[in-house]
Amino acid sequence: MVNRYLSLVPLEEAIELISSNCPPVPWVIRVPLMESVGRVTANPIYASYSVPEAHLSAMDGIAVSSRATNGATDKHPVILLDAVRVNTGNVIPSGYDAVIMIEDVAFEGGGYAIRRAAAPWQHIRPVGEDIAESEMALPRGHRIQYPDIGALAAYGITDVAVLSLSAGLIPTGSELVAHGTRPQPGQVVESNCQMAAAHLRSLGVHAAVSPLVPDDPERIRDAIDAAVSAHDIVIISAGSSKGTKDYTAQVVGELGEVLVHGVGIKPGKPVIIGVIRGKPVIGLPGYPLSALTVIREIITPVIRDAGIPVPSREVIEAELTRTLASDIGTDEFVLMTAGRVAGRLIATPLSRGAGVQMSAVRSNGVLRIPADSEGLEAGEMIPVSLSVPKEELESALILAGSHDPILDRLADLLAPLPVHSAHIGSMGGILALKRRHCHCAPMHLLAPDGSYNVRYLERYLAGEEVTLVCVAEREQGIVSRDGITFEELDSVSFVNRQKGSGTRMLLDHLLKERGIDPSAISGYDREMTTHLAVALAVRSGEADAGLCVASAAEIAGLSFVPVGTERYEIGIMTEDLEDPRIRSLLEVIESDSFRTILNKSCGYRTDATGIRQTLSL
């Protein structure tokens, strides 16, 4: 057994170790034609017969000998006595080599009068025009698409030899419960193997997920042994780190050999690469984004090297919106949200926490920070490998600023328009709007004079013309499990919003107004990036109270004591109002359906919803 966790292997070397020591070898199976879509051809496919197998008429008309039509003109028509009436698709009788459309034929003198000579083989589909008998229809290594099915059916193909590669996936961990089960505290729904299986199946790989295996070396050994016997590649989820219950490397070493324990990638560093009976065995880290990185950057290239075509990802150059620091020595993969704003492509990094699966859901690309780099500066042009078609990226609406649960409902009403929302606080949104890193900036910034948003736009976007659109007036208040009021905050534990958020600024305003020192509040420095995160922290008992919108408290089923009503607006550069994406957003905000949603939700007032004010700052 080789233990290399403390000496990380570079990514490309790890992939090469699999290729040179234990490449998965596809085998060939025959499947019915209708079951072959998405599969990869193992051999060339040849037509069983010519299509068409006889000369066919391509028009409704008459079949003629082209030689007999020579000399026909408008002034000197030719009367044909030897011609055969044919319809589209009819076989051309022997002795005829052209078809004249029926629209160009008159019935005169007991025959067919024509006024233009016919060229040989005009309006005739010759034998083998589509494909000739024994001609190759599809080459080896071709992923069969639905148009191929129609062609192969027409060419007499009833079954197809395709490549088959089988992957066995083993979820391990005593804390796991099956998906569809609501986890209890300390439990986790198994999702890594579901994610890996879905990806492999999309590539045409047979993927079988075994029942959950607890943290028991003997049971893990039995599951791996059985999977190696039944499959071409084995993937084990979790147990790859150095915890007291991480048995994967130990068991792989006992059954075969551990080639690598630790690859220079982040997230995903603890990955295990082993070989058992000549077959590759890969141990995924337990954190979802770590597992995703290994699936994308290691397992997918291995599948490609085995001869299974993998769609290539388009790479774009985009402007990085935020500085990213990175550790020397590891290739870091950062999930990104990219879009086109003000005529240029921009890319914003998402949360880098290995357990934050929503980063994968919200992303449309990934950035690789090389191992020899300490990071990248905001404003740099960076390569982003896309996970969606570029057209989808180009059409996306980018929001950055204050979070509110109602933004999700807006995004739903805008579907299928892609909407990406970054929860960076109201001040962060104003700065993103200034730098043209977003189309719209949701905000609710309370000024000392009691107004919302305008004073901050005047300060930070001087010289610009901005339109503010009111989404709603909403209630902010103290969320708790047992009716805590604002006056009691200095005697309970608290959870706060991040600096620069409108909610944080509202809290500071209220504390100053009441003469309360923030340092007197236990947990004042504990920050959350969304209203829902505040409410859930309170519900879970991490804190006694927090400040959030009423709708978040309602979702969490908690007590809510209002402290004020604020104006929640979206800032848009006025010159962008005619952008089709912006027009769609404004139409939704002004719609009856959105107003109905607001009225049915807790803590919103709609009197000002849809009102616009244009500011020359």
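A: Let's settle one term before we start: two residues are in contact when they have heavy atoms within 4.5 Å of each other. Also keep in mind that this is a predicted model.

The contact to zoom in on is the one between helix α9, residues 406-414, and helix α16, residues 592-600. On the α9 side you'll find I406, R409, L410 and L413, and they meet S593, F594, I597 and L598 on the α16 side. Sorted by class, the residues of this contact come out as six nonpolar, one polar and one charged. As for the geometry, the axes of α9 and α16 lie 11 Å apart, at an angle of about 155°. Anything over 145 degrees counts as roughly antiparallel, so α9 is roughly antiparallel to α16. The crossing of α9 past α16 is right-handed.

Helix α4 (residues 217-230) packs against helix α5 (residues 248-255) at an angle of about 55°, and their axes are 10 Å apart. That angle makes the two helices, α4 and α5, oblique to each other. Here too the crossing is right-handed, with α4 passing α5. P217, I220, R221, I224 and D225 are what α4 brings to the contact, while α5 brings Q250, V251, V252, E254 and L255. The class count for α4 with α5 is six nonpolar, one polar and three charged residues.

Now for the strands. Strands of a sheet pair through backbone hydrogen bonds, and they can do that either parallel or antiparallel. Of its 16 residues, 13 are buried, so β32 is largely enclosed by the rest of the structure. You can walk along β32 by its partners. Strand β36 (residues 559-573) runs antiparallel to β32 and is joined to it by 14 bridges; E475 sits opposite T565 there. Strand β38 (residues 612-616) is also antiparallel to β32, with five bridges, and R612 is the bridge partner of V469. Strand β35 (residues 545-549) pairs with β32 over five bridges, antiparallel again, and if you look at G477 you'll find C548 as its bridge partner in β35. Then there's strand β37, residues 604-605, which pairs with β32 in the antiparallel sense over two bridges; that puts E473 opposite R605.

Strand β25, residues 344-349, is another one that is mostly covered, with five of its six residues buried. One of its partners is strand β24 (residues 331-341), which runs antiparallel to β25 and is joined to it by six bridges. Look for R340 in that pairing: its bridge partner in β25 is L345. β24 and β25 form a hairpin with two residues between them, and A342 in the turn has a positive phi of about 55°. Strand β22 (residues 315-320) pairs with β25 too, but in the parallel sense and over two bridges. There, L320 stands opposite A347.

There's also an open sheet of three strands in the order β6-β4-β7, with antiparallel pairing. β6 (84-86) and β7 (98-101) are the edge strands, each with a single partner, so one side of each has no neighbour in the sheet. On average, neighbouring strands in this sheet are turned by 35° against each other, direction ignored. Strand β4, residues 61-64, pairs with β6 over three bridges, and A63 has V84 as its bridge partner in β6.

One last stop, for a single residue. R526 is in the loop between α12 (502-514) and β34 (527-528). Its relative accessibility is 35%, so R526 counts as partly exposed. Leaving out residues up to four places away in sequence, R526 touches F494, V495, N496 and E542.

Definitions and conventions
Residues are numbered from 1 along each chain as its sequence is written. This is a predicted model: local features need pLDDT of at least 70, side-chain atom pairs count only at pLDDT 80 or more; totals for chains, interfaces and linings use all residues. Side-chain values use heavy atoms; hydrogens and water are left out. Two strands pair if DSSP finds at least two bridges between them. Helices (H or I, at least four residues) and strands (E, at least two) are DSSP runs, numbered from the N terminus. Axes are lines fitted to C-alpha atoms, for helices over the stretch in contact, and angles run from 0 to 180 degrees between N-to-C directions. Angles under 35 degrees count as roughly parallel, over 145 as roughly antiparallel, 65 to 115 as roughly perpendicular and the rest as oblique. A crossing is left-handed if the near helix is turned anticlockwise from the far one by less than a right angle, and right-handed if clockwise. Ala, Val, Leu, Ile, Met, Phe, Trp, Tyr, Cys and Pro count as nonpolar, Asp, Glu, Lys and Arg as charged, and the others, Gly among them, as polar. Buried means under 20% relative accessible area, exposed over 50%, partly exposed in between (1.4 Å probe, protein chains only).
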